[in-house]
Amino acid sequence: MTRKQRRRGAWCKQCNAPIQWVRTAAGSWMPLDESSDDERGRWVIETGRLTRQLVGVELEHARENGILLFTNHLAGCVGNNRPKGTPCPPHLREALGLKPLED
């Protein structure tokens with residue numbers, strides 16, 4: 001599916017994966033993976049786009065009851081896992097439409 005075919009939602013600028021933006025209880029925006037099928041999910045979307053992280057007994061209870069749990073996209077983004085100061089590889093720069101690095 002291309003960006004043009006996708007009408008709703010958002011895409012990660014680093015890895016081009018589908019994401020959804022949600023607001024935390026503190027009021028900041030956070031990207032979650034669009035799918036809830038990852039066993040590492042700890043974030044539950046409550047009312048609208050408000051989310052909170054579940055831990056301990058509450059997390060176990062949610063998993064036992066089949067509540068949809070989402071993963072913070074930044075935790076597993078393949079485009080975000082390079083050390084700080086490392087330039088984006090040329091093939092990714094091209095795919096993302098960025099200018100080539102000058103020598």
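Entry one. Strand 2 and strand 5 run parallel and are joined by two bridges. I count strands as DSSP runs (E, at least two residues; helices are H or I, at least four), numbered from the N terminus, and I call two strands paired if DSSP finds at least two bridges between them.

A note on the source: this is a predicted model, where local features need pLDDT of at least 70, side-chain atom pairs count only at pLDDT 80 or more, and totals for chains, interfaces and linings use all residues. Residues are numbered from 1 along each chain as its sequence is written, and side-chain values use heavy atoms, with hydrogens and water left out.

Entry two. I followed strand 2 to its other partners. Strand 2 pairs with strand 3 (residues 29–33) in the antiparallel sense over five bridges, and Q20 has L32 as its bridge partner there. Four residues lie between these two strands in their hairpin, and G27 in the turn shows a positive phi of about 95°. Strand 1 (residues 10–11) also pairs antiparallel with strand 2 (residues 18–24), over two bridges; W11 stands opposite P18.

Where does R49 sit? I found R49 in the loop between strand 4 (43–45) and strand 5 (50–53). R49 counts as partly exposed because its relative accessibility is 43% (buried is under 20%, exposed over 50%, partly exposed in between; 1.4 Å probe, protein chains only). Leaving out residues up to four places away in sequence, R49 touches Q20, W21, V22 and R23 (contact means heavy atoms within 4.5 Å).
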